Amino acid sequence: MTIVLGIDPGSRMTGFGVVELRNKELHHITHGVLRLGNRPMPVRLRDIFTGVRELIDEHDVDRFAIETSYVGNNPQTAIKLGQARGVAIAAAAMCDLPVAEYSPREIKKTTVGTGNAAKDQVQFMVKTLLGLANEPAHDSADALAVAICDLNASRFSYAADQTIHTP
């Protein structure tokens with residue numbers, strides 16, 4: 001049994017998803033969004049750190065996985081995203097969790113089967129793989145996909161010799 005917290009970082013909204021691998025099957029635990037709004041950046045960063053720590057403690061998380069930064073045209077946006085990623089990673093490190101980072105392309109390829117998948121395709125596959133009644137919102141679906149990607153990553157010993165089945 002392995003529980004992974006997946007994070008889709010953002011400075012205004014940070015998606016989270018907690019998925020468990022039990023008996024070679026993926027099981028949804030929870031998902032949602034930390035809504036950070038337009039408050040001063042230090043307050044938003046504090047809330048990401050605190051929110052991630054609370055999720056780790058509440059769900060007895062074994063591993064932490066996060067999406068890598070996408071560097072667009074705006075350097076200020078990239079800096080803010082890097083700060084959000086940094087505090088989330090620091091929260092996991094404070095709990096002595098293994099941290100894995102995955103590119104958006106790698107996450108989409110693992111979850112959907114193609115690295116060029118659209119957001120609605122990720123939502124649909126996350127819903128399908130986890131047996132959810134409804135498609136989660138984009139940020140939550142992305143975070144769940146990060147956790148699924150981590151659980152499917154063959155480079156980790158707990159997944160290397162297992163085939164993961166959907167419910």
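This is a predicted model: local features need pLDDT of at least 70, side-chain atom pairs count only at pLDDT 80 or more; totals for chains, interfaces and linings use all residues.

Me: What makes 7% "buried" for Glu 20?

Reply: Buried means under 20% relative accessible area. Glu 20 comes in at 7%, so the label is buried.

Me: Why is the contact between Arg 22 and Glu 20 called a salt bridge?

Reply: The cut-off is a side-chain nitrogen of Lys or Arg within 4 Å of a carboxyl oxygen of Asp or Glu. For Arg 22 and Glu 20 the closest N and O atoms are 3.1 Å apart, so the pair qualifies. In general, side chains of opposite charge can pair when their charged atoms come close.

Me: And why does Arg 22 get the label "partly exposed"?

Reply: That label covers values between the buried limit of 20% and the exposed limit of 50%. Arg 22 has 33% relative accessibility, so it counts as partly exposed.

Me: How many salt bridges turn up in the whole structure?

Reply: Six. One of them joins the side chains of Asp 150 and Arg 63, at 2.9 Å from N to O. Asp 150 lies in helix α5 (residues 138-152) and Arg 63 in strand β4, so the pair ties together parts that are 87 residues apart in sequence.

Me: What makes Arg 39, Arg 46 and Asp 47 a network?

Reply: Those three residues are linked by salt bridges. Among the links is the one between the side chains of Arg 46 and Asp 47, at 3.0 Å from N to O, and the cut-off is 4 Å. Arg 46 has a relative accessible area of 48%, so it is called partly exposed; exposed would need over 50%.

Me: Why does Glu 58 count as exposed?

Reply: Exposed means over 50%, and Glu 58 has 60% relative accessibility, so it counts as exposed. Its place is in helix α1 (residues 41-59). Glu 58 also belongs to a negative surface patch, together with Glu 54, Asp 57, Asp 60 and Asp 62.

Me: What about Gly 10, buried or exposed?

Reply: Gly 10 has a relative accessible area of 11%, so it is buried. You'll find Gly 10 in the loop between β1 (2-8) and β2 (13-22). Gly 10 and Gln 83 are 73 residues apart in sequence, with their C-alpha atoms 9.0 Å apart in space.

Me: How do you know that β1 and β2 pair?

Reply: Pairing needs at least two bridges between the strands. β1 and β2 have seven, in the antiparallel sense, so they count as paired. One example is Val 4, whose bridge partner in β2 is Val 19.

Me: What else does β2 pair with?

Reply: Strand β3 (residues 25-35), antiparallel, over 10 bridges. β2 and β3 form a hairpin with two residues between them, and Asn 23 in the turn has a positive phi of about 55°. As for cover, eight of the 10 residues of β2 are buried.

Me: Which strand pair runs parallel?

Reply: Strand β4 (residues 63-67) and β5 run parallel, joined by four bridges. There, Ile 66 has Glu 101 of β5 as its bridge partner.

Methods:
Residues are numbered from 1 along each chain as its sequence is written. Side-chain values use heavy atoms; hydrogens and water are left out. Patches are made of residues with over 30% relative accessible area and no salt bridge: like charges are joined within 9 Å, nonpolar side chains (Val, Leu, Ile, Met, Phe, Trp, Tyr) within 5 Å. Accessible areas come from the Shrake-Rupley method with a 1.4 Å probe; for residues, only the protein chains shown count as cover. Lys and Arg count as positive and Asp and Glu as negative; His and the chain ends are not counted. The place of a charge is taken as NZ of Lys, CZ of Arg, CG of Asp or CD of Glu. Buried means under 20% relative accessible area, exposed over 50%, partly exposed in between (1.4 Å probe, protein chains only).
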